[in-house]
Every structure is written in structure tokens, then in C-alpha cells.
Amino acid sequence: MSYNVLMFLHLFTVLPAFILGTISLLLKKGTQLHKVLGRIYMILMLFTAFVTLFMPAAVGPSLFNHFGWIHLFSFLTIYTVPTAYIAIKKGNIKAHKRKMILLYFGALIIAGAFTFMPGRYLHSVFFG
């Protein structure tokens, strides 16, 4: 698959994940709506994280001529989503909440901010 296809696939999954994640953080917790949106959010986040693993780093140093620093957020997501799900299934609300906040701010807000750096596609869309 070409880089552009992967990039647009990533955008088409991460943007709704951002919207659902934001709504989920603002909603009353434990409701049926929160649970449904949360499941969709987790699926989207996992899918988008796996897609990014196939996208070579376009900016900065890379490992194996492929993985860059931004890929750490992909691994964070692949680890955090299942452990947050397991935490809530075990009734550990505190751990679930901590992991979901970490996921939202780490994988969406911080990683998202990096996508606006010079040399990246979104930078060229908004500033170029």
C-alpha cells in the first residue's frame, strides 16, 4: 500500500476517534452511550495505530530506516487500549480512567501536535 493511502486511512480513522474520545471524556461515565462510544473509540484507535506502523517516518531520525519517534505513540496505543479495556472489565475504574486519559492526551493531542510540524502532510495543508 502506498504511503498516501496509509496516510489517508490513518486520517479517516483518527479524526472520528478524536471526536469520539472528546465526547467520551465529556460524557457522564458508565452510561450505555459512554460504553458504546468508548468501544468504537478503542477500535478506531487500535486500527489507526496499526496503520501507522506501516508508515515510514518522514521527519527526523529513524530506526531500521522506518520507525521514528512518533511511532512510540503507536506502541503506546497498542498497549494502552487492551489494558484499559481489561481494567474496566475487572472493575478497576481508576486504572481505566488513567489509561484512557493517557491515551487521549498522548496519542491524540501530543502526537497530533507533532503532525503539524514542518515536513509533515498536515503542516503543508494548513501552513503551506
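**Figure 1. Overall fold of the predicted chain.** The chain holds five helices and zero strands, where helices (H or I, at least four residues) and strands (E, at least two) are DSSP runs numbered from the N terminus. Along the sequence, the order of elements reads α-α-α-α-α. The radius of gyration, taken over C-alpha atoms, is 15 Å, close to the 14 Å that the globule rule gives for 128 residues, so the chain is as compact as a globular protein of that length. The globule rule is 2.2 Å times the number of residues to the power 0.38. The C-alpha trace spans about 45 × 30 × 25 Å along its principal axes. This is a predicted model, in which local features need pLDDT of at least 70 and side-chain atom pairs count only at pLDDT 80 or more, while totals for chains, interfaces and linings use all residues. Residues are numbered from 1 along each chain as its sequence is written, and side-chain values use heavy atoms, with hydrogens and water left out.

**Figure 2. Surface and contacts of the chain.** The accessible surface, computed by the Shrake-Rupley method with a 1.4 Å probe, comes to about 8,100 Å², and 75% of that surface belongs to carbon and sulfur atoms. Of the 128 residues, 37% count as buried, meaning under 20% relative accessible area (1.4 Å probe, protein chains only). Among contacts (heavy atoms within 4.5 Å) with a separation of 6 or more, 59% come from residues 24 or more positions apart.

**Figure 3. Crossing of helices α1 and α4.** The axes of helix α1 (residues 3–26) and helix α4 (residues 93–114) come within 11 Å and cross at roughly 145°. Axes are lines fitted to C-alpha atoms, for helices over the stretch in contact, and angles run from 0 to 180 degrees between N-to-C directions. The crossing of α1 with α4 is left-handed, that is, the near helix is turned anticlockwise from the far one by less than a right angle. From α1, V14, A17, F18, G21, T22 and L25 meet I101, Y104, L108 and I109 of α4. The residues of this contact comprise eight nonpolar, two polar and no charged; Ala, Val, Leu, Ile, Met, Phe, Trp, Tyr, Cys and Pro count as nonpolar, Asp, Glu, Lys and Arg as charged, and the others, Gly among them, as polar.

**Figure 4. Surroundings of S74.** S74 lies in helix α3 (residues 71–89). S74 counts as buried because its relative accessibility is 6%. Not counting residues up to four places away in sequence, S74 touches A49, T52 and L53.

**Figure 5. Surroundings of K99.** K99 is placed in helix α4. With 17% relative accessibility, K99 counts as buried. Residues up to four places away in sequence aside, K99 touches Y79, T80, T83 and A84.

Definitions and conventions:
Buried means under 20% relative accessible area, exposed over 50%, partly exposed in between (1.4 Å probe, protein chains only).
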